[in-house]
Amino acid sequence: MITPPTITALVPMRHQSERVPGKNYRLFNGQPLYHYILTTLSQCDPITTILVDTDSPLLQADIAAAFPHVQVIDRPAHLRAGTIPMNDVLLHDTAQVASDFYLQTHATNPLLKVDTIKRAIAQFLEAYPIYDSLFGVTRWQTRLWDQLTLPVNHNPAILLRTQDLPPVMEENSNLYLFTRDILLRKHNRIGERPLMFEIDRLEAWDIDEEIDFAVAEFLYRYRQTNT
């Protein structure tokens, strides 16, 4: 019998947020925002460990009470500034728990589904090591231009319907799968042979600004009443 690989889910959460104050623990449809992603990860059988890295005493206490199975580590002072690259934080986190693979997501992805995470893990494990990492993407089929007014994905002289345009994929920050070796060698979650995993745009909504909070709450309520 083959032993399944260990997968540690990493959820970094800072106490302060510049654009949406206290967003990680702000109430979202009646619950702290971060509760949604920890609940989702807790229902994903392939995940063996959930690790939260935070500088917040408030979050540390609440996680201990609401999610006692989740491991919490205190973020070191030298990694607490908002300007610190996420990859530096992840290098610290992956040194705390040994694991075959690491799955990183955010508290700001409350619409991410259990089945989506399970599918991402299954596709990655089936394709590994042909693909050495995975990251979530959102498909865009619209006319895109760069800052020099040059078309990115279309020919202005040939007015194709938008649904016929070649798709462009946006890294949506919802989901990453990688090994510590890749992180050490590349200082990046994305390896030399990454697998792009498409997530529906509405499910992949990431809360980055105030308007995102309102939209995500609306989408959550809509999904609850229409599924």
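In this predicted model, the buried residues of helix α4 are covered by elements that include β1, α1, β6, β7, β8 (168-178) and β9. The buried positions in α4 are V114, T116, I117, A120, I121, F124 and A127. The helix itself runs over residues 114-127. At 1.5 Å a residue, its 14 residues should span 20 Å, and the end C-alpha atoms are 20 Å apart, so the two values agree.

Beyond its neighbours within four places in sequence, I117 is in contact with T40, L41, C44, I47, L103, L112 and L175. I117 also belongs to the largest nonpolar core, which has 32 residues. Together with L38, L41, I47 and I63, I117 touches the most other members of that core. Two or more core residues come from each of β1, α1, β4, α2 (57-66), β6, α4, β8 and β9. The largest contribution is that of α4, with five residues. A second core is separate and holds 13 residues, including L10, V97, Y102 and F178. In soluble globular proteins, nonpolar side chains tend to be buried together.

The sheet is open and has seven strands, in the order β5-β4-β1-β6-β8-β7-β9, with mixed pairing. Strands β5 (71-74) and β9 (194-198) stand at the edges. Each has a single partner strand, so one side of each lacks a neighbour in the sheet. From one strand to the next, the twist averages 35°. Strand β7 (residues 133-140) pairs with β9 in the parallel sense, over five bridges. Here L134 stands opposite L195 of β9. Helix α1 (residues 33-42) packs on the sheet and touches β1 (7-13), β4 (49-54) and β6 (101-104). The direction of α1 makes about 180° with that of β1.

Charged pairs were examined next. Side chains of opposite charge can pair when their charged atoms come close. The structure holds nine salt bridges. In one of them, E210 pairs with R26, with the closest N and O atoms 2.9 Å apart. This pair links distant parts of the chain, 184 residues apart: E210 lies in helix α6 (residues 210-225), and R26 in the loop between β1 and β2 (27-28). E210 is partly exposed, at 38% relative accessible area. R26 is also partly exposed, at 29%.

D74 and R80 form another salt bridge, at 3.0 Å from N to O. Both partners are partly exposed, D74 at 45% relative accessible area and R80 at 29%. R185 forms a salt bridge with E192, the closest N and O atoms being 3.0 Å apart. E192 is partly exposed, at 45%. Through shared partners, salt bridges join D181, R185 and E192 into one network.

Conventions. Residues numbered from 1 in each chain as written. Predicted model: local features only at pLDDT ≥ 70, side-chain atom pairs only at ≥ 80, totals over all residues. Heavy atoms only, no water. Pairing = 2+ DSSP bridges. Helix = DSSP H or I, 4+ residues; strand = E, 2+ residues; numbered from the N terminus. Axes fitted to C-alpha atoms, helices over the stretch in contact; angles between N-to-C directions. Contact = heavy atoms within 4.5 Å. Expected span 1.5 Å × (residues − 1). Buried < 20%, exposed > 50% of the residue type's maximum accessible area, 1.4 Å probe, protein only. Core = buried A, V, L, I, M, F, W, Y, C linked by side-chain atoms within 4.5 Å. Salt bridge = Lys/Arg side-chain N within 4 Å of Asp/Glu carboxyl O.
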